[in-house]
Amino acid sequence: PAEPTGDESPGADMLYSSGTTGRPKGVKPVLPEGPVDVPNPLIGMAQSLWGMNADSMYLSTSPLYHAAPLRWAMTAQRLGAVVVVMERFDAEQTLALIQQYRITHTTVVPTHFIRMLKMPDEARNAYDVSSLKAVVHAAAPCPVPVKQAMIDWMGPIIHEYYAGTENCGLTALDSHAWLTKRGSVGRAILGKVKIVDENDNELPAGEVGAVYFADGPGFEYHNDPEKTASAYNRHGWATLGDIGQLDEDGYLFLTDRKSFMIISGGVNIYPQEIENLLVTHPKVSDIAVIGAPDEDMGEKVVAIVEPLDWADAGPALAEDLKTFALEGLGKVKCPRQFDFLEALPREPTGKLMKRKLRDEYWSKTNA
């Protein structure tokens, strides 16, 4: 129309959570107000943090029904960039597309890093990736050795952020900041990070607790007021269900998801720390660590391994991994059981369906 409409709000997507810890939930955001062309926080991030603009070439590596791939592809298009969309992730094809289209920006998950790093050197080095200006990862904690290897390979262009479909807050950092705060997921750029104890009391720097965001955008779970209420505490702060801590400079370090924590003999054990170590073993392609029922300890730590070569699956590799874990983590965190799968259940987005694995082990006990 020649004149602006009465309500120019562009609206917002109502996406569903990935369902890694339960049934997928519709996340209904508060609708934006104002003209349709007002930049949103994602556009601000893409421009100010990663230098994305109309001349950018963006590679989308994951299915567009997932929050991050959809929103970043739409953000790139809104800026006028070219978007190259993969049907599914493949490590070598990713490198080939970067070379073919002179990709400048891409978003990935840590599993993609691991699969690219596990490629033979001659295959990995056969492609020119010098066009890249920013490689952005999120969705899961990235093992420190894996991220360091990516920076060593591609240079200080690796960026990271921590957020969720709920979009109630966000942290971010670049390679230079990460190299001084190894393992961090950054400082808040949307909302304020709060670490709280079981009674919702705010904890000081260095203390581990539940991660909440204050003063971030509001949301509700569609047709689920009980779930919505459980996402907010008495202060009105919202959580994505993760555990972590802040350092003195306000950098957030994640420990794991609260729902994945293993309690064995009264000791809290976080699977992510164990997975981050075991995935660096040269014979491991993928790894999942869960708590399985144990008569004496309540739960025992079980590592489910996807070997790089299925012919290696067996007692010898299990013993090798046990020694590897004992040396790196100590006896308490070392898995008591190693099982093997030809392929771990991951979504096309790269997210591990740990709940599915855990349910299988517990259903055997409850049967």
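Is Cys 168 buried or exposed? I looked up its relative accessible area and found 1%, so Cys 168 is buried. I kept in mind that this is a predicted model.

Entry: Next I checked Cys 142, which has 11% relative accessibility. Buried means under 20%, so Cys 142 counts as buried. Then I searched for disulfides and found zero in the structure.

**Entry: Gln 272.** I found Gln 272 in helix α9, which covers residues 271-278. Its relative accessibility is 13%, so Gln 272 is buried by that cut-off of under 20%. I then asked myself which side chain makes a polar contact with the side chain of Gln 272. The partner is the side chain of Asn 276, at 2.8 Å. Leaving out residues up to four places away in sequence, I noted that Gln 272 touches Pro 141, Thr 255 and Asp 256.

**Entry: a pocket.** I turned to the second largest pocket, which holds about 770 Å³ of space. How many residues line the second largest pocket? I read off 26, and those nearest its centre are Gly 11, Ala 12, Pro 32, Asn 40 and Pro 41. The elements that give two or more residues to this lining are β1 (27-29), α1 (41-48) and α2 (67-78). Helix α2 supplies the largest share, with four residues. Finally, I sorted the lining by residue type: 15 are nonpolar, six polar and five charged.

Technical notes. Residues are numbered from 1 along each chain as its sequence is written. This is a predicted model: local features need pLDDT of at least 70, side-chain atom pairs count only at pLDDT 80 or more; totals for chains, interfaces and linings use all residues. Side-chain values use heavy atoms; hydrogens and water are left out. Buried means under 20% relative accessible area, exposed over 50%, partly exposed in between (1.4 Å probe, protein chains only). A polar contact is a pair of N or O atoms within 3.5 Å; within protein, one must be able to donate a hydrogen and the other to accept it, and residues adjacent in sequence count only if both atoms are side-chain atoms. Contact means heavy atoms within 4.5 Å. On a 1 Å grid over the protein atoms alone, a cavity is a set of points where a 1.4 Å probe fits but cannot get out, and a pocket is an open set with protein on both sides within 12 Å along at least five of seven lines; lining residues have an atom within 4 Å of a point. Grid points are joined across faces, edges and corners, and a volume is the space filled by probe spheres set on the points. Ala, Val, Leu, Ile, Met, Phe, Trp, Tyr, Cys and Pro count as nonpolar, Asp, Glu, Lys and Arg as charged, and the others, Gly among them, as polar. A disulfide is a pair of cysteine sulfur atoms within 2.5 Å.
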